[in-house]
Amino acid sequence: MRKIQMVDLKGQYKAIKEQIDSSVIDVIESTAFVNGPEVHAFQKELEDYLGVKHVIPCANGTDALQIAMMGLGLQPGDEVITADFTFAATVEVIALLGLTPVLVDVDPVTFNIDVEAIKKAITPKTKAIVPVHLFGLSAQMDEIMELANAHDLYVIEDNAQGIGATYTSKDGTKTKTGGIGHVASTSFFPSKNLGCYGDGGAIFTNNDDLAHTIRGIVNHGMYVRYHHDVVGVNSRLDSIQATILRAKLPLLDNYNAKRRNAARKYTAAFTGIKNLITPTGFCDAKNSICDVCDCHVFHQYTLRVTGADRDALVQHLNNNNIPCGVYYPIPLHLQKAYRDDRYNEADFPVTNKLVKEVISLPMHTELDDEQIAFITKTVIDFVTK
Ligand SMILES: *Cc1c(COP(=O)(O)O)cnc(C)c1O
C-alpha cells in the first residue's frame, strides 16, 4: 500500500508535472512576475468558472477577508458576526481592523454557522455576517441572505474551503459558493481544493463599484498611478502562482468529484457503526453524502466520535501510520486573543462539544481504495472494540 498522506500534493503534481513545469518556465522567461498576463488570464478564467462578475486576485485568503471588509467600508466599533467553530483567520481580520467580532455557535449536523444564533446576536451595531463554508459544505445562504436583507447587513462569504461547491436555493437557482453574498474571499493555500504552490487568494463580487474600490485597496489605495485615494495594502498574486492555478482550474471539478467519491466510500464503510457520526449535506440530510447537488466539496472529511475517546483514536491512527487532524480543537471564543466578557458559555453548546468529538481523516484527490479500506477498518476496529 502507498504511504497514506493527509493531503497528497506530490501525487497530484506528478499527474500534471509536464504542463506545470513548462508554464512556470515560461513565466520565468517572460520576467512578468507580478501582475503579468497570467494573473489577468487566471482572473478571467475564474470569473467564468464561478459565474461572478469580478475576481480580484490577492496574496492569500486572510488578506482577501481583510480587503473585503475594508472595501465595504466597515468602521471600528461595527459588529461582525461569524462562526465560533472555524479557522482563526476570519475573526483575526475582524479584530485587526478594529471591528468587533461577535462569535456565534454552529449547527451540529452541518458544522456551519447557526442561523438562529445569528438572529439572536444581531444588534443595532451589526454591520456584517461572515458565513464560512466549513470543510467544503455551503452554509445556509438563503436564510442568511434573508436575514441580512431584513437588517441591512453585508454578507461576506469565507469560501476558502468551499471553492467549486454549488449552492441550490429554495427556488432551485444554482450558484457557486462565493457568488451569493455581497463579497467573498478564497484561499489558494496549497492544501485547499484549488491550491497553488505557495500563497495566494482572491476576492469575488458581483458589484462593479465594490470591485473598483477593492482593486485600488489591493494596490496601495491607488486608482491612478501615485495618487493614493484611500489607505490600502500591498496584496498581490504572483504570476508563477497564477500560471499554476490556470493549469489546475480546469481540473477543479474533477478534483472535487474525486474528493466526494472518497467521502462516499468512507461513509459507506462507517454507516451503522456505533460511536461515529458521518458528515452530511443539509440539502439532503437523509443521504449522508448529497447526490442531489454539489453542495459539499469535502475540503475535509470530518467525523464526530461520540461514544469513544477521540484523542485515543487520533493516537491509534497515528500508530498505524494514518495521519489525521482535529479541526478545530479550541472554540475561537476561548482562544486567548479573542476572549471577551460578553460571551456566555451557555451560548456555545455545539462548538464546545464538537471540539472534543471531531476528527478529520485523510482527504485528497489521490486516495485509492486500498488506502480507504485500511483507514476505515482501523477506525472501525477502534471505535467498536
Ligand atoms: C485557509 C483559510 C483561510 C486563510 O487562508 P490563507 O490563504 O491561509 O490566508 C481563511 N479562512 C478559512 C476558513 C480557511 O480555511
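The following dialogue shows how to read several features of this predicted model.

Colleague: How many helices and strands are in the protein chain?

Modeller: The protein chain holds twelve helices and 14 strands. The radius of gyration is 21 Å, close to the 21 Å that the globule rule gives for 385 residues, so the chain is as compact as a globular protein of that length. The C-alpha trace spans about 70 × 55 × 40 Å along its principal axes.

Colleague: What share of the residues in the protein chain is buried?

Modeller: Of the 385 residues, 55% are buried. As for the surface, the chain exposes about 16400 Å², and carbon and sulfur atoms supply 52% of that area.

Colleague: Which part of the contacts joins residues 24 or more positions apart?

Modeller: Among contacts with a separation of 6 or more, 74% are between residues 24 or more positions apart.

Colleague: Which residues of helix α11 are buried?

Modeller: An α-helix has 3.6 residues a turn, so residues three or four places apart point the same way. In helix α11, residues 349-357, the buried residues are V350, T351, N352, L354, V355 and E357. Their cover includes β13 (301-305), α10 (310-319) and β14 (358-361).

Colleague: Where is R310, and is this residue buried or exposed?

Modeller: R310 is in helix α10. Buried means under 20% relative accessible area, and R310 has 8%, so R310 counts as buried. Residues that R310 touches include L354, V355 and E357, which are also among the buried residues of α11. R310 and V355 are 45 residues apart in sequence, yet their C-alpha atoms are 9.9 Å apart in space.

Colleague: Where is Q161 found, and is Q161 buried or exposed?

Modeller: Q161 is found in the loop between β5 (154-158) and β6 (166-168). The relative accessible area of Q161 is 7%, and this residue is buried.

Colleague: Which residues does Q161 touch?

Modeller: Leaving aside residues up to four places away in sequence, Q161 touches H133, L134, F135, G136, N193, V297, H299 and Y328. With Y328 there is a polar contact of 3.0 Å between the side chains.

Note on methods
Residues are numbered from 1 along each chain as its sequence is written. This is a predicted model: local features need pLDDT of at least 70, side-chain atom pairs count only at pLDDT 80 or more; totals for chains, interfaces and linings use all residues. Side-chain values use heavy atoms; hydrogens and water are left out. Helices (H or I, at least four residues) and strands (E, at least two) are DSSP runs, numbered from the N terminus. The radius of gyration is taken over C-alpha atoms; the globule rule is 2.2 Å times the number of residues to the power 0.38. Buried means under 20% relative accessible area, exposed over 50%, partly exposed in between (1.4 Å probe, protein chains only). Contact means heavy atoms within 4.5 Å. Accessible areas come from the Shrake-Rupley method with a 1.4 Å probe; for residues, only the protein chains shown count as cover. A polar contact is a pair of N or O atoms within 3.5 Å; within protein, one must be able to donate a hydrogen and the other to accept it, and residues adjacent in sequence count only if both atoms are side-chain atoms.
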